[in-house]
Amino acid sequence: MTITEDVPHTSKGFFTDTSVCIGCKACEVACKQWNQLPMDDLVWMGSSYDNTHHLSSTTWRHVSFAELPGAGGAGGQTNWLMMSDVCKHCQHAGCLEACPTGAIIRTEFDTVVVQQDVCNGCNYCVPACPYGVIEVNMTASTGDGKAHKCTLCYDRLKDGLEPACAKACPTDSIQFGDIGDLQERAQQRVEDLRQKGLDAYIYGTEDMGGGQGIGNLGAQFLLLDKPQRYNLPEHPTLPQNRTLPGVLVMTVTALALSLATAWSLRKG
Amino acid sequence: MEEYSDTRTATSQVQDTYYGLPAVRAPHWRWLVIFYFFFGGVAGATYTIGAVAEAVSADRRVVRAARYLAAAAFLPCPPLLILDLGRPERALNMFRILKLKSPMSLGSWALFFAGGFATLGAGLQLAEDLLKRDLLPGPRRLVMLAGVPFSIFLSGYTGILLAATNIPLWWRSFPFLSPTFVGSAYSASLCAITLFLGLDREETRDTGRRLARAESICLAAELTFLTTALVRLGAIGRPLRTGKIGLIFWPVTYVGGILVPLLLQLSGPARGKEVTGPRRTAAAMLPLIGSLSLRAVMIFAGRESANRPEDYFAMTSRAAER
């Protein structure tokens, strides 16, 4: 991984080091408290300590518990992969590109934020996110019909405070700062862990987790297993890469059928 | 490039998802959007057919039918879309900006202008019908053609809208989804015009034959694009091909909505005589049902596709075909 040279000084982001995550969910709680998010319906998964399952319109930090039973051979010890997932604040965000109202903006901190007074709940940002993060809250009781996701605590950043989740994390698994600094720190940590024999790598670079139009991720992760084990895609694509070619193919098809129809209907 | 092990544990090889939970989210779209996709497509295609028919001096009755039908198909579109918004009272926010990379933004503007032209066309036609004379035929032809770019966009952009997402089934259907929608919108529109003119009427017999020929071409195109999309989809097309959705897709959309009307239309020329009676009626109605069902099964299959993380991961793995 190379450290991006042209990242402006104000670009803020997260580095989530899953190797020290203990699954305490303090980040989930701190996020909910600060952002005044309602509680979710509790659904017991039955196979994991995870009870929120994914990020949603009311869960902006989600701690996943991937169980690795019998790691190290039959009868071996069960390992947990714990990871606090969050909006990736992509360099080129699918949700932002899709939003037809301009409700989703890039802030002065290079983060991606939904302006709640503009969003009209069209839902198009939802399938445009390559990570299944953003959601429109349509639940009858608490739903306001608008799209919600992590703001990287935009209000706290404005006041010079770090985001609530990073503040609450007891093991510094969640680190906040300038993206350039975080990338250096992440690289150092990967090297340290590799020297100790762990298959650590960074998720959120052009080569892994980002790229193909998305670029680097503003929230990067140190992972210890395949990204799919954390419910993350290996090499996603910015869906809007297909817009222009799609328009060209459609136009050619429609023109051809229009000509064929004109030919059929013409007099003579 | 960062490396990671593929062989850490037996489980990570067998179970390459996170408890099978979805990795991407589907939009909440249901029948309001499905009906919009149908009416919008028909409005766009009908308007375009009317304008090109006028340009090549086709039967005036076709032009007249197309003008009225385009406006009639456009009419339900804005209410359907507004009702589907999470915050319907903010519908006008769609027109704050224009985003060239967002099919939703482009489509909102296309609908706005195409709807304006469709209403104008129907208004002109009504005035002509009431006054019983031709109003400025020269400029009218040009004005009507000016609406064609927007109408063409409206006839098929919904296929791009779906393809420019991360839902495996919609993504993988690219670039054939939008052409399929275009073919389906055109065949449905030709059917609507045929039905508007009345079947088996002596004075429109020649025009009916011409409309049937155009319908066959559009159905053949639709069939080709849809079949190509199905082949390309492979295993990712399972939510469309199988289960409850498959029970609608094969009989109603693929066979009943495209194949049967196409064969009915072609059966006449093949036997050296005209298709009339119940066969003609069926051929002029089935594509309308097929067109609506195509959009319905695509939306519902996409929603199911979003719940299959293995499909999404297959498409986003480094080894995936680009």
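**View 1. Where chain B meets chain A.** In this predicted model, 78 residues of chain B are in contact with 70 residues of chain A. Contact means that two C-beta atoms, placed from the backbone, lie within 7 Å. Helix 1 (10–14), helix 2 (31–55), helix 5 (103–131), helix 7 (148–163), helix 9 (177–197), helix 10 (205–233) and helix 14 of chain B each give two or more residues to this side. Helices (H or I, at least four residues) and strands (E, at least two) are DSSP runs, numbered from the N terminus. Helix 7 of chain B gives the most, with seven residues. The side of chain B that touches chain A divides into 43 nonpolar, 22 polar and 13 charged residues. Here Ala, Val, Leu, Ile, Met, Phe, Trp, Tyr, Cys and Pro count as nonpolar, Asp, Glu, Lys and Arg as charged, and the others, Gly among them, as polar.

Residues are numbered from 1 along each chain as its sequence is written, and chains are lettered from A in the order in which they are written. Local features need pLDDT of at least 70, side-chain atom pairs count only at pLDDT 80 or more, and totals for chains, interfaces and linings use all residues.

**View 2. The largest nonpolar core.** This core has 177 residues. A nonpolar core is a set of buried Ala, Val, Leu, Ile, Met, Phe, Trp, Tyr and Cys residues joined through C-beta atoms within 7 Å. Buried means 20 or more other C-beta atoms within 10 Å of the residue's own; exposed means 12 or fewer, and partly exposed lies in between. Cys95(A), Cys125(A), Ala43(B) and Ala66(B) touch the most other members. Helix 2 of chain B supplies the largest share, 14 residues.

**View 3. Leu211(B) in helix 10.** Leu211(B) sits in helix 10 of chain B. Leu211(B) is buried because 26 other C-beta atoms lie within 10 Å. Leaving aside neighbours within four places in sequence, Leu211(B) is in contact with Leu190(B), Ile193(B) and Thr194(B).

**View 4. A four-strand sheet in chain A.** The sheet is open, with the order 8-1-10-9 and mixed pairing. Strands pair if DSSP finds at least two bridges between them. Strand 8 (174–178) and strand 9 (201–203) of chain A stand at the edges, each with a single partner strand, so one side of each has no neighbour in the sheet. Strand 1 (residues 12–17) and strand 10 (residues 219–223) of chain A run parallel, joined by four bridges. Asp17(A) has Leu222(A) as its bridge partner in strand 10 of chain A.
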